[in-house]
Amino acid sequence: MNVLLSWMQEFAPITGEPEEIARTMTELGMVVESIQMVGPSWDGIIVAKVVALDPHPEADRIQLVSVDTGSAELHAAGEVSDDSLQICCGAFNMAVGDLVPLATLGTTMPGGMEIARRKLRGQWSNGMICSGPELEIAGEVDADGILVLPSDLVVGTPLVEALGVSTDIMFDLDIEGNRPDALSMIGVVRDLAAKQGVPFSVPERPVPTGDSVASERASVTIEAPELCQRFGFRVLDNVTIGESPEWMAQRLTAAGMRPINSIVDISNYVMLELGQPNHTYDLNKVADGVLSVRMGREGETITTLDDVERIITESDGVIANAADEPIGLAGVMGGASTEIGEDTTSVLLEAAIWDRMIIAKTVRRLNLRSEASTRYERGVDPEGVQRGLDRFCQLAIEICGATVASGTVVVDGNLVPTPPVRTRLSKINHLLGTDLTIEQVVGYLDPIGYTSSPLEDGVLSVNVPSWRPDSSIEEDIVEEVGRHHGYEKSGKRVPRPAQNGELTLNQLGRRRIRRAFLGAGYSEAMPMPFLAPDDLLRAGLADEGITLANPLVAEESVLRTSLLPGLLKAVAYNQSHRNAGVQLYELGRIYLGSDQELPDEQEWVAAIRAGADAVCATQLLDQLTATLTLRDVSLRNVERAGLHPTRSAEVVFRGRVLGEVGEIDPRVLEAYEIEGRVAWLQLNTAPILSALGNAPKYKKVSRFPSSDLDLAFVVDDKVSAKDVSRNLVKAGGKLVRSVKLFDVFRGEQVGEGKRSLAYAIRLQAADHTLEDEEVSKARQAMIDAVAKFHKGELR
């Protein structure tokens with residue numbers, strides 16, 4: 001945003017060199033990107049009066065213009081004897097009595113040309129009568145180009161003084177999104193004045209009114225209170241539309257806006273000065289003066305001021321007329337049907353407060369950003385509606401000769417009050433690294449509108465001003481104190497963290513899990529979490545994946561609910577490239593449906609081994625539980641989606657299902673074009689991470705010989721091999737060094753509904769060589785345990 005020093009000084013006695021002011025504004029968070037000198041360079045150019053026009057005796061395209069400059073000294077410099085000064089001029093659009101700008105001898109024009117006394121075809125020219133382009137301004141010029149000045153100016157007056165313009169200092173500010181108040185002149189000055197310790201005020205400008213009453217000329221109804229917090233309007237009559245005065249045009253140009261006409265320029269001027277956008281309607285084009293504020297309807301259209309027909313949706317806010325037809329896009333752009341024209345004499349002036357998110361959605365959908373919509377998106381002061389309407393009317397009376405109807409009509413929608421913010425002095429000093437007192441904090445906040453009252457010792461109740469909708473929490477108040485105290489006063493220091501480079505327990509746990517799989521010979525895979533629409537069904541899983549609204553590619557539009565499809569694709573890819581027998585694992589996230597707006601995101605770990613059976617999967621599980629020191633892990637024989645119906649089980653940990661283990665269903669393997677058997681293990685990492693104990697302690701290796709036994713038991717199919725193994729270990733006691741399942745057999749020899757489980761058991765004592773009696777006793781104890789707990793028979 002561009003701000004002018006002279007404009008700021010209308011609200012506060014801002015002092016200091018431009019560089020010093022820029023540094024102060026930057027420290028306040030309003031970063032100054034550049035400083036420029038703006039305005040005309042018209043030293044030596046005065047108002048002159050044409051007193052005679054004579055043809056040049058030697059040139060048809062030049063005439064001799066005699067001008068009255070009101071200064072005898074200039075006449076003497078031109079070496080003329082009468083009261084006029086002769087100028088040779090190639091323009092013919094002036095008449096005797098016209099006032100024109102005269103560049104006197106020695107003047108340097110804005111374009112760099114120096115004016116000197118010259119002889120043209122034998123006639124002396126003692127200066128130059130100027131055109132608008134030569135002065136770098138737009139004026140009332142015809143094809144010949146000389147600028148004809150208003151007739152009420154005083155001859156001999158410097159042009160700068162006569163037209164009420166001057167050079168000025170412009171600061172180009174970079175305003176962040178959390179400072180909506182700084183998108184106005186008074187917002188910038190309020191902050192700067194508080195920092196400089198000078199008084200700030202917005203002048204009261206009374207508005208004289210006529211006999212008519214605004215509420216009798218127009219009306220407004222808010223049908224969508226969620227769209228409009230406040231809607232106010234005033235009525236102006238006898239409006240004469242023309243060019244704006246030069247001082248206003250100069251300020252608008254410096255601010256980056258093109259002067260258009262007096263009414264449009266006043267509207268932009270008020271918005272820049274007070275931060276309150278406004279909109280003008282030709283009252284004669286608003287049927288019965290009736291306005292209504294509502295949400296749009298599908299299929300409606302409106303032709304906006306840029307002559308583009310736009311389609312309205314239900315998410316857009318509109319202003320409608322008595323026929324319920326849209327005549328404006330709320331907070332974005334007005335409609336062409338009620339546009340101000342050259343014949344406009346009565347104006348309906350609107351100033352409103354619109355919902356920020358509704359305006360933002362419309363702006364993005366239509367790609368129709370404006371200065372007004374930018375301010376509405378960031379937040380506008382609801383208490384500034386009346387002030388903005390009055391300032392517009394005051395300027396319209398001064399510039400356009402308008403008559404203002406008495407009264408202002410203001411209707412409120414969902415005007416949400418801002419609650420006070422509880423602010424602790426300890427919090428302020430902690431975040432800023434300062435040692436401020438309550439009195440200092442109040443002294444920083446009061447000048448910028450943050451009034452406060454004590455709640456208790458060291459605690460303030462701070463009332464947020466209406467022009468700061470961005471402030472709502474304690475940290476926002478701390479930021480305001482920090483800005484005006486000066487961040488540079490807090491000193492420079494490097495924060496000291498509680499721990500230097502230490503991993504969290506969960507990070508350490510994940511590393512242990514990865515090391516466990518790597519130690520078992522598995523390589524880590526990282527499939528994408530996005531699946532094709534049919535991947536879950538091909539993997540034998542329920543089709544309950546969450547479909548993305550904007551997938552990167554249509555072939556990967558579903559979030560995975562299991563790690564199985566991705567690892568199956570990895571195995572299939574490796575087999576297609578003649579790399580059989582791969583052993584892969586993945587530690588990643590799955591996404592399950594939930595009642596919340598976002599999916600239930602869980603972290604799981606899975607392993608897959610091509611060319612292996614369920615026994616390999618359970619052996620991997622045993623190795624993991626031993627490495628990670630997980631106790632109380634058991635299996636429960638149940639069918640699992642995507643796994644072999646009789647070679648799969650739930651992994652139960654501390655009474656809760658931890659995951660699944662077994663073989664992949666042959667039908668799934670066929671769907672993914674995978675040959676052979678495939679072992680599978682999938683576990684939820686959350687219970688594992690919360691239960692991880694210390695790393696296992698190594699035991700001394702016995703130097704005494706071991707005794708190996710092979711025992712095969714016939715048990716029901718429903719009996720878990722893991723449970724049998726656990727009971728063998730318990731029955732054998734301290735002598736059992738390992739129990740490994742090495743064969744599973746089903747057939748007529750063992751009977752229907754049964755299977756044979758064969759275990760390799762190693763017995764060993766730590767301090768002596770086992771005797772036959774000890775081995776026999778341990779063997780019988782294990783056989784008895786299987787018979788007791790699983791009704792198993794020794795083969």
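Tyr269 is where I would like to begin: in this predicted model its relative accessible area comes out at 1%, and since anything under 20% is classed as buried, Tyr269 is a buried residue. Trp7, likewise, has a relative accessibility of 1% and counts as buried.

If you follow the chain, Trp7 belongs to helix α1, residues 5–8, while Tyr269 belongs to helix α9, residues 262–274, so the contact ties together parts that are 262 residues apart in sequence. Trp247 also comes into the picture here, forming one aromatic cluster with Trp7 and Tyr269.

Let me turn to another stacked pair, that of Phe517 and Tyr585, where the distance from centre to centre is 5.0 Å and the angle between the planes is 10°. Phe517 sits in helix α16, residues 505–519, and Tyr585 in strand β31, residues 583–592, so here a helix and a strand are tied together by residues 68 apart in sequence. As for accessibility, Phe517 is buried at 2%, and Tyr585 is buried at 1%.

Finally, a word on charges over rings. Which ring does the charged end of Arg190 sit over? It is the ring of Trp467, with the charged end of Arg190 placed 3.9 Å from the ring centre. Arg117, for its part, lies over the face of Trp124, at 4.0 Å from the centre of that ring.

Terms used
Residues are numbered from 1 along each chain as its sequence is written. This is a predicted model: local features need pLDDT of at least 70, side-chain atom pairs count only at pLDDT 80 or more; totals for chains, interfaces and linings use all residues. Side-chain values use heavy atoms; hydrogens and water are left out. Helices (H or I, at least four residues) and strands (E, at least two) are DSSP runs, numbered from the N terminus. Buried means under 20% relative accessible area, exposed over 50%, partly exposed in between (1.4 Å probe, protein chains only). Rings of Phe, Tyr and Trp (its six-membered ring) pair if their centres lie within 6.5 Å; planes under 30 degrees apart count as stacked, over 60 as edge-to-face and the rest as tilted. A charge sits over a ring if NZ of Lys or CZ of Arg is within 6 Å of the ring centre and within 35 degrees of the ring normal.
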